Amino acid sequence: MKSLVPTKVFLTKGVGRHKYQLKSFEDALRKAGVAQQNLVQVSSILPPRCKIINRERGLKRLTPGQITYCVMARADTNEHGRLIASSIGIAVPKDRNNWGYISEVHGCGMNEKEAGDRAEDLAADMLGTTLGLEVDLAKAWSEKEQVYKSSGLIIRTSNITQAARGYRDMWTTTVSIVTFLFD
(Lines give C-alpha, C1' and ligand atoms only; values in the text may rest on other atoms or scores of the structure.)
Protein backbone atom coordinates (compact mmCIF):
# COMPACT_ATOMS: atom_id res chain seq x y z
CA MET A 1 0.00 0.00 0.00
CA LYS A 2 1.27 3.45 -0.90
CA SER A 3 2.03 5.77 2.02
CA LEU A 4 -0.56 8.48 2.72
CA VAL A 5 1.65 11.47 3.49
CA PRO A 6 -0.01 14.80 2.75
CA THR A 7 1.94 17.25 0.60
CA LYS A 8 -0.26 20.31 1.18
CA VAL A 9 -2.65 21.63 3.82
CA PHE A 10 -5.06 24.53 4.02
CA LEU A 11 -6.83 26.17 6.93
CA THR A 12 -10.50 27.05 7.11
CA LYS A 13 -13.15 27.96 9.66
CA GLY A 14 -16.87 28.53 10.05
CA VAL A 15 -19.76 29.16 12.40
CA GLY A 16 -23.24 27.67 12.16
CA ARG A 17 -26.53 28.23 13.96
CA HIS A 18 -29.68 26.13 13.96
CA LYS A 19 -32.29 24.76 16.33
CA TYR A 20 -30.72 21.30 15.93
CA GLN A 21 -27.11 20.68 16.95
CA LEU A 22 -26.29 18.47 13.95
CA LYS A 23 -27.60 21.08 11.51
CA SER A 24 -25.63 23.79 13.32
CA PHE A 25 -22.49 21.67 12.81
CA GLU A 26 -23.40 21.13 9.15
CA ASP A 27 -23.83 24.89 8.67
CA ALA A 28 -20.41 25.54 10.26
CA LEU A 29 -18.84 23.00 7.88
CA ARG A 30 -20.68 24.65 4.98
CA LYS A 31 -19.26 28.07 5.94
CA ALA A 32 -15.82 26.44 6.12
CA GLY A 33 -16.37 25.05 2.61
CA VAL A 34 -16.00 21.37 3.52
CA ALA A 35 -19.58 20.18 4.18
CA GLN A 36 -19.56 18.08 1.01
CA GLN A 37 -16.54 16.06 2.21
CA ASN A 38 -16.41 12.82 4.19
CA LEU A 39 -14.16 14.14 6.93
CA VAL A 40 -11.81 11.82 8.79
CA GLN A 41 -10.20 13.38 11.85
CA VAL A 42 -6.55 12.61 12.47
CA SER A 43 -4.04 13.69 15.09
CA SER A 44 -1.60 16.53 15.10
CA ILE A 45 1.48 16.11 12.89
CA LEU A 46 2.33 18.48 10.03
CA PRO A 47 4.33 16.22 7.68
CA PRO A 48 7.86 17.16 6.59
CA ARG A 49 7.96 19.42 3.52
CA CYS A 50 4.16 19.86 3.66
CA LYS A 51 3.21 23.17 2.06
CA ILE A 52 0.51 25.43 3.55
CA ILE A 53 -1.66 26.83 0.76
CA ASN A 54 -4.52 29.33 0.87
CA ARG A 55 -8.14 28.28 1.45
CA GLU A 56 -9.39 29.06 -2.05
CA ARG A 57 -6.69 27.00 -3.72
CA GLY A 58 -7.27 24.15 -1.29
CA LEU A 59 -11.05 24.08 -1.73
CA LYS A 60 -10.63 23.83 -5.51
CA ARG A 61 -8.73 20.56 -5.03
CA LEU A 62 -11.63 18.84 -3.24
CA THR A 63 -14.27 16.63 -4.86
CA PRO A 64 -17.72 16.17 -3.27
CA GLY A 65 -17.89 12.88 -1.38
CA GLN A 66 -14.10 12.54 -1.16
CA ILE A 67 -12.58 11.00 1.97
CA THR A 68 -10.78 14.03 3.40
CA TYR A 69 -8.34 13.89 6.31
CA CYS A 70 -8.30 16.82 8.70
CA VAL A 71 -7.50 18.08 12.16
CA MET A 72 -10.61 19.77 13.55
CA ALA A 73 -11.38 21.88 16.60
CA ARG A 74 -15.09 22.18 17.34
CA ALA A 75 -17.16 23.92 20.01
CA ASP A 76 -20.95 23.85 20.48
CA THR A 77 -23.39 25.68 22.75
CA ASN A 78 -27.13 26.12 23.10
CA GLU A 79 -26.72 28.64 25.91
CA HIS A 80 -27.71 32.22 25.06
CA GLY A 81 -24.75 34.60 25.29
CA ARG A 82 -22.13 31.92 25.96
CA LEU A 83 -18.84 32.65 24.17
CA ILE A 84 -17.32 29.63 22.42
CA ALA A 85 -14.20 29.30 20.32
CA SER A 86 -12.37 26.71 18.27
CA SER A 87 -8.81 27.22 17.11
CA ILE A 88 -6.09 25.36 15.24
CA GLY A 89 -2.46 26.28 15.85
CA ILE A 90 0.45 25.32 13.60
CA ALA A 91 4.17 25.29 14.39
CA VAL A 92 6.51 24.89 11.42
CA PRO A 93 10.16 23.85 11.95
CA LYS A 94 12.96 25.72 10.21
CA ASP A 95 14.31 22.41 8.90
CA ARG A 96 11.55 21.42 6.48
CA ASN A 97 12.77 17.79 6.62
CA ASN A 98 11.40 17.65 10.19
CA TRP A 99 7.73 17.43 11.05
CA GLY A 100 5.73 20.23 12.61
CA TYR A 101 2.77 20.21 14.96
CA ILE A 102 -0.90 21.08 14.71
CA SER A 103 -2.89 21.73 17.88
CA GLU A 104 -6.62 21.97 18.54
CA VAL A 105 -8.16 24.24 21.16
CA HIS A 106 -11.89 24.44 21.78
CA GLY A 107 -14.08 25.54 24.62
CA CYS A 108 -16.04 28.27 26.34
CA GLY A 109 -15.13 31.70 27.63
CA MET A 110 -12.27 32.43 25.22
CA ASN A 111 -12.36 35.16 22.61
CA GLU A 112 -10.63 34.75 19.24
CA LYS A 113 -7.28 36.17 20.36
CA GLU A 114 -7.16 34.10 23.56
CA ALA A 115 -8.02 30.86 21.74
CA GLY A 116 -5.62 31.63 18.88
CA ASP A 117 -2.75 32.43 21.25
CA ARG A 118 -3.41 29.24 23.22
CA ALA A 119 -3.44 27.13 20.02
CA GLU A 120 -0.17 28.63 18.77
CA ASP A 121 1.39 28.24 22.21
CA LEU A 122 0.40 24.58 22.38
CA ALA A 123 1.67 23.77 18.85
CA ALA A 124 4.96 25.60 19.50
CA ASP A 125 5.38 23.84 22.84
CA MET A 126 4.83 20.40 21.28
CA LEU A 127 7.33 21.13 18.49
CA GLY A 128 9.76 22.85 20.85
CA THR A 129 9.99 19.93 23.26
CA THR A 130 10.54 17.57 20.30
CA LEU A 131 13.46 19.78 19.25
CA GLY A 132 14.87 19.92 22.79
CA LEU A 133 13.62 23.40 23.73
CA GLU A 134 12.29 23.77 27.25
CA VAL A 135 10.44 27.01 27.93
CA ASP A 136 8.91 28.17 31.20
CA LEU A 137 5.23 27.25 30.89
CA ALA A 138 4.26 30.07 33.27
CA LYS A 139 5.41 32.71 30.76
CA ALA A 140 2.89 34.49 28.53
CA TRP A 141 2.65 33.32 24.91
CA SER A 142 4.26 36.54 23.64
CA GLU A 143 7.37 35.84 25.76
CA LYS A 144 7.54 32.15 24.81
CA GLU A 145 7.01 33.00 21.14
CA GLN A 146 10.19 35.10 21.16
CA VAL A 147 12.18 32.25 22.75
CA TYR A 148 10.91 29.71 20.20
CA LYS A 149 11.56 31.94 17.20
CA SER A 150 14.96 33.20 18.40
CA SER A 151 16.10 29.58 18.85
CA GLY A 152 16.33 29.29 15.07
CA LEU A 153 14.56 25.92 15.20
CA ILE A 154 10.96 27.08 14.67
CA ILE A 155 10.39 29.26 11.63
CA ARG A 156 6.78 30.28 12.29
CA THR A 157 3.58 29.69 14.15
CA SER A 158 0.09 30.63 13.08
CA ASN A 159 -3.53 29.91 13.90
CA ILE A 160 -7.02 29.98 12.48
CA THR A 161 -9.74 30.68 15.00
CA GLN A 162 -13.52 31.00 15.03
CA ALA A 163 -15.38 32.45 18.01
CA ALA A 164 -19.09 33.13 18.43
CA ARG A 165 -21.75 33.77 21.06
CA GLY A 166 -24.71 31.48 21.54
CA TYR A 167 -28.20 32.60 20.48
CA ARG A 168 -31.42 32.03 22.36
CA ASP A 169 -33.21 28.77 21.42
CA MET A 170 -30.51 27.79 18.92
CA TRP A 171 -27.34 25.75 18.77
CA THR A 172 -24.18 27.59 17.78
CA THR A 173 -21.18 25.63 16.48
CA THR A 174 -17.70 26.85 15.62
CA VAL A 175 -15.13 24.85 13.66
CA SER A 176 -11.50 25.46 12.73
CA ILE A 177 -9.94 22.93 10.40
CA VAL A 178 -6.63 22.00 8.79
CA THR A 179 -7.40 19.96 5.69
CA PHE A 180 -4.81 17.57 4.25
CA LEU A 181 -4.24 17.24 0.50
CA PHE A 182 -2.29 14.64 -1.46
CA ASP A 183 -0.55 14.96 -4.86
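Arginine 17 has threonine 172 as its bridge partner in S9. Strands here, like helices, are DSSP runs numbered from the N terminus (E, at least two residues, for strands; H or I, at least four, for helices). The model is a predicted one, so local features need pLDDT of at least 70 and side-chain atom pairs count only at pLDDT 80 or more, while totals for chains, interfaces and linings use all residues. Residues are numbered from 1 along each chain as its sequence is written, and side-chain values use heavy atoms, with hydrogens and water left out.

S1 and S9 pair in the antiparallel sense, over eleven bridges; two strands count as paired if DSSP finds at least two bridges between them. H1 packs on the sheet and touches S1, S2, S5 and S9, its direction making about 140° with that of S1. For such angles, axes are lines fitted to C-alpha atoms (for helices, over the stretch in contact), and values run from 0 to 180 degrees between N-to-C directions. As for the sheet itself, it is open, with five strands in the order S2-S5-S9-S1-S4 and mixed pairing. S2 and strand S4 (51–53) are the edge strands, each pairing on one side only. From one strand to the next, the twist averages 40°.

On to H1. Its twelve residues should span 16 Å at 1.5 Å a residue, and the end C-alpha atoms, 17 Å apart, agree with that; the expected span is 1.5 Å times one less than the number of residues. Buried residues in H1 are Ser24, Phe25, Asp27, Ala28, Leu29 and Ala32, where buried means under 20% relative accessible area, exposed over 50% and partly exposed in between (1.4 Å probe, protein chains only). These pack against S1 (8–18), S2 (38–41), helix H2 (55–60), S5 (67–77) and S9 (171–181). After H1 comes glycine 33, with a positive phi near 90°.

Aspartate 27 sits in H1 (residues 21–32) and counts as buried because its relative accessible area is 14%. Setting aside neighbours within four places in sequence, aspartate 27 is in contact (heavy atoms within 4.5 Å) with Val15, Gly16, Arg17 and His18.

Elsewhere, lysine 144 belongs to helix H4 (residues 141–150). Lysine 144 is buried, at a relative accessible area of 3%. Beyond neighbours within four places in sequence, lysine 144 is in contact with Asp121, Val135, Asp136, Leu137 and Lys139. Between lysine 144 and tryptophan 99 there are 45 residues of sequence separation and 20 Å in space, C-alpha to C-alpha.
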